[in-house]
Amino acid sequence: MSGMSSSTASSPQSYVKLEVARGMRASLPVMLGFVPFAMVLGAQAAQKGMPAFLVPLMTGLNFAGGSEFTAVRLWTSPPHLALIVAMSCLVNARHILMGAALAPLMRHVPLRRALASLFLMCDESWAMALADVKSRGVDRISLPYYLGVAVNLWLTWIAFTALGAVLGPVLGDIEQYGFDMAFTAVFLVLLKGMWRGWRKSLPWLVSLVAAALTYLYVPGAWYVAAGACTGLLAAILMEPRDA
Amino acid sequence: MPDATLFLPLATVALMALTTYATRIVGFLVLRDRTLSPRMRAVMESLPGCVLISVIAPSFVADRPADLIALALTLLVAMRFSLLPTVILSIVATGALRYLVG
């Protein structure tokens, strides 16, 4: 690579830089949405007696908010390792489907790089990369754009969960101010970007109803998996056999 | 030198991180070398929405009236505006409604 002349190397490199920058810019509103959640998570972890250094370690290595809230809710001293790991796995089972959805769009990425990039896959970075594919009408994700989004979100998450753990006792209950709705707002805008008409979006409605009912009547974190799988099933049943 | 009381917390976090990473790569590895039929491709297209809407399903059945009104407002705003104004308006509306309606 070092032997490459600057004139041939500069154009793909500047393209990558531009794409990373585009991803970083696009992630700004989502970063804003992350801040209150991260602070609440850090504060709750501190309240449950999780050592402060462990909070950014968990949020940096695990980087999946839903499972971290679950872990903190279940945290005791000493923690029930098996229970926490099992529940975290359940909350994150949707990643299996999300990774599967990315597979056909990432054929151009070498395996090692793809596996490393997937470490940073969260709901938002994944959905934004897919929305970007759709809006540009292409059939592969822009890896630098995705990484621009994902790295920003990852650093925001680590920094503000750590801050929450340190400041937690001072902050009190910041949930009451309405910041938690930011999460729903981000998801609704992402859904709008994926909208393909009422008929094709019927599986979403099935997912919504199934997830809501599971949330109301089944204790634990089953609702995400139940909603996603029921919607997928509806999509399979709706699709004609020889499309 | 980590003492014994830190072993379980560290092991819990390490195992969480490992299993979470596994969920991220498993679906990708399974589908990587396969060509999906047009039918399966059409099915996979509705999947992202199914996942996202399932994650936020609890806000649709919130037990506070203020939260339900705020959700309806957020939905309306999200249909018309981009990410940043939607996020800001939804936070402000939710905070105000919780204060006013309870």
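Me: A crossing is left-handed if the near helix is turned anticlockwise from the far one by less than a right angle, and right-handed if clockwise. Which hand is the crossing where H11(A) passes H2(B)?

Reply: H11(A) passes H2(B) in a right-handed crossing. Bear in mind that this is a predicted model: local features need pLDDT of at least 70 and side-chain atom pairs 80 or more, while totals for chains, interfaces and linings use all residues. Residues count from 1 along each chain as written, chains are lettered from A and ligands numbered from 1 in the order written, and side-chain values use heavy atoms, leaving out hydrogens and water.

Me: Why are H11(A) and H2(B) called roughly parallel?

Reply: Helix H11 (residues 202–217) of chain A and helix H2 (residues 38–55) of chain B pack at about 25°, axes 8 Å apart. Roughly parallel is for angles under 35 degrees, so H11(A) and H2(B) qualify. (Helices are DSSP runs of H or I, at least four residues; axes are fitted to C-alpha atoms over the stretch in contact, with angles from 0 to 180 degrees between N-to-C directions.)

Me: What makes up the contact of H11(A) with H2(B)?

Reply: From H11(A), A:Pro203, A:Trp204, A:Ser207, A:Leu208 and A:Ala211 meet B:Ser46, B:Gly49, B:Cys50, B:Ile53 and B:Ser54 of H2(B), contact being heavy atoms within 4.5 Å. Those residues divide into six nonpolar, four polar and no charged, with Cys and Pro counted as nonpolar and Gly as polar.

Me: How does H8(A) sit against H10(A)?

Reply: The axes of helix H8 (residues 123–136) and helix H10 (residues 181–194), both of chain A, come within 9 Å and cross at roughly 25°. That makes H8(A) and H10(A) roughly parallel too, and H8(A) passes H10(A) in a left-handed crossing. Their contact residues split into seven nonpolar, one polar and three charged.

Me: How much area is buried between chain A and chain B?

Reply: About 6800 Å², with carbon and sulfur atoms giving 77%; buried area is the accessible area (1.4 Å probe) that two parts lose on being put together, summed over both. A:Leu81, A:Met181 and A:Leu188 supply 9% of what chain A buries against chain B, more than any other three residues.

Me: What makes A:Asp132 and A:Arg136 a salt bridge?

Reply: Their side chains meet at 3.2 Å, N to O. The rule asks for a side-chain nitrogen of Lys or Arg within 4 Å of a carboxyl oxygen of Asp or Glu, so the A:Asp132 and A:Arg136 pair passes. Being four residues apart in H8 of chain A, A:Asp132 and A:Arg136 are separated by about one helical turn.

Definitions and conventions
Helix = DSSP H or I, 4+ residues; strand = E, 2+ residues; numbered from the N terminus. Parallel < 35°, antiparallel > 145°, perpendicular 65-115°, else oblique.
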